[in-house]
Amino acid sequence: MHFQWYPGHMTKARRQMQEDMKLIDLVIELVDARVPLGSRNPDIDELGKNKARLILMNKADLADERQTKAWMEYFQQKGYFAVRLDARSKAGMKAISAEIMKACQEKIERDQKRGIKNRPVRAMVVGIPNVGKSTFINTYAGKACAKTGNKPGVTKGKQWIKLNRNVELLDTPGILWPKFEDQQVGLHLALIGSIKDEILNIDELSLELIQILKEKYPGVLKRRYGIEEDQQPPELLVAVAVSRNCIKKGNEADYSKAAALIVDEFRGGTLGRISLEFPEGRETV
Ligand code: G4P
């Protein structure tokens with residue numbers, strides 16, 4: 001299965017992001033906790049150089065807790081601040097605020113030395129499609145929070161939203177494009193829904209998913225669909241179709257329906273908390 005990404009207007013998006021970077025102190029980068037490296041575009045390291053950096057491992061509610069913990073350590077060792085998150089819930093706010101303050105400590109101290117007091121930290125949210133950027137902005141800085149409006153002469157056309165007393169957020173996220181040479185990463189991004197389904201072959205995608213589940217999360221397919229796992233992915237897909245009554249006219253198994261079902265159930269977390277990418281040295285679960 002081959003995935004391709006056509007950057008299209010990404011040059012424009014990149015230029016816009018370069019401009020926005022001039023206005024901020026902190027880059028809040030969202031990644032998908034199930035594919036934490038594959039769902040990053042490493043170009044952000046160049047775009048956001050000299051800025052404080054915070055990685056939010058979003059959709060942590062869908063990812064394998066042990067792997068997420070290991071990934072947090074991985075990012076922290078590389079010098080990023082990192083927090084796990086479910087962007088749909090406000091519960092993570094306290095941890096994020098604390099981490100933002102830690103990430104911006106140097107800037108805050110610099111301000112204090114210059115006699116600047118209480119200047120809020122300014123941040124922007126970035127990430128590839130579908131990692132939860134809009135959800136994050138809505139949950140944490142949505143309707144309930146007052147917009148600060150444009151600051152004449154400085155940020156023409158920009159809207160800042162107050163996250164709290166100390167932090168202001170640019171109201172539009174920076175969209176990065178998925179970047180991968182490795183087809184394995186392409187597969188992972190397709191599975192988490194960061195590549196448009198219209199250009200994907202869901203039947204093939206489901207077979208790849210079945211293979212991953214068999215290898216990394218034995219027992220999941222049996223528990224969910226009541227099927228024996230010692231079969232090859234195509235047979236397992238048929239077994240899922242039969243188990244879920246995905247049957248076409250003429251009493252034939254409807255693979256495509258079963259394929260869509262299993263991919264959907266993975267994406268929605270119905271199959272359990274499953275990570276697709278594992279930090280080095282932790283290949284097995
Ligand atoms: P984007 O701006 O980065 O493109 O992503 P967006 O916020 O649109 O989120 C993409 C999908 O991911 C949405 O689901 C959203 O609800 C879901 N989502 C965001 N954060 C989390 C999270 O932490 N955990 C889980 N489980 N889901 C999350 P959707 O199916 O497109 O819409 P809907 O389900 O909200 O109707």
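Q: In which helix is Asp111 found?

A: Asp111 is found in helix 5 (residues 105-113). Helices here are DSSP runs of H or I with at least four residues, strands are runs of E with at least two, and both are numbered from the N terminus. This is a predicted model, in which local features need pLDDT of at least 70 and side-chain atom pairs count only at pLDDT 80 or more, while totals for chains, interfaces and linings use all residues. Residues are numbered from 1 along each chain as its sequence is written, and side-chain values use heavy atoms, with hydrogens and water left out.

Q: Is Asp111 buried or exposed?

A: Buried means under 20% relative accessible area, exposed means over 50%, and partly exposed lies in between, with a 1.4 Å probe and protein chains only. Asp111 has 5% relative accessibility, so the residue counts as buried. Contact means heavy atoms within 4.5 Å. Leaving aside neighbours within four places in sequence, Asp111 is in contact with Ile116 and Arg119.

Q: What does Glu99 contact, leaving aside its neighbours within four places in sequence?

A: Glu99 lies in helix 4 (residues 93-103) and is buried, with a relative accessible area of 12%. With those neighbours left aside, its contacts are Leu54, Phe81, Ala82 and Val83.

Q: Which residues touch the most other members of the largest nonpolar core?

A: In soluble globular proteins, nonpolar side chains tend to be buried together. A nonpolar core is a set of buried Ala, Val, Leu, Ile, Met, Phe, Trp, Tyr and Cys residues joined through side-chain atoms within 4.5 Å. The largest one has 76 residues, and Leu26, Ile28, Leu56, Ile96, Ile100, Phe136 and Leu169 touch the most other members. Helix 7 gives the most to this core, with six residues. Apart from neighbours within four places in sequence, Ile100 is in contact with Leu26, Ile28, Leu54, Val121, Leu163 and Val167. A second, separate core of 11 residues includes Ala33, Ala63, Trp71 and Tyr80.

Q: Which residues of helix 3 are buried?

A: Gln67, Thr68, Ala70, Trp71, Met72 and Phe75 are the buried residues of helix 3. They pack against strand 2 (52-58) and strand 3 (81-84). Just after helix 3, Gly79 takes a positive phi of about 95°.

Q: At what angle do helix 8 and helix 10 pack?

A: Two packed helices are described by the angle between their axes and the distance between the axes. Axes are lines fitted to C-alpha atoms, for helices over the stretch in contact, and angles run from 0 to 180 degrees between N-to-C directions. Angles under 35 degrees count as roughly parallel, over 145 as roughly antiparallel, 65 to 115 as roughly perpendicular and the rest as oblique. Helix 8 (residues 202-216) and helix 10 (residues 233-243) pack at about 100°, with their axes 9 Å apart. Helix 8 is therefore roughly perpendicular to helix 10. Ser206, Leu207, Ile210, Gln211 and Lys214 of helix 8 meet Pro233, Pro234, Leu236 and Leu237 of helix 10.

Q: Which residues make the contact between helix 7 and helix 8?

A: The axes of helix 7 (residues 183-192) and helix 8 come within 11 Å and cross at roughly 105°, which means that helix 7 is roughly perpendicular to helix 8. The contact is made by Leu187, His188, Ala190 and Leu191 of helix 7 and Leu205, Glu208, Leu209 and Ile212 of helix 8.
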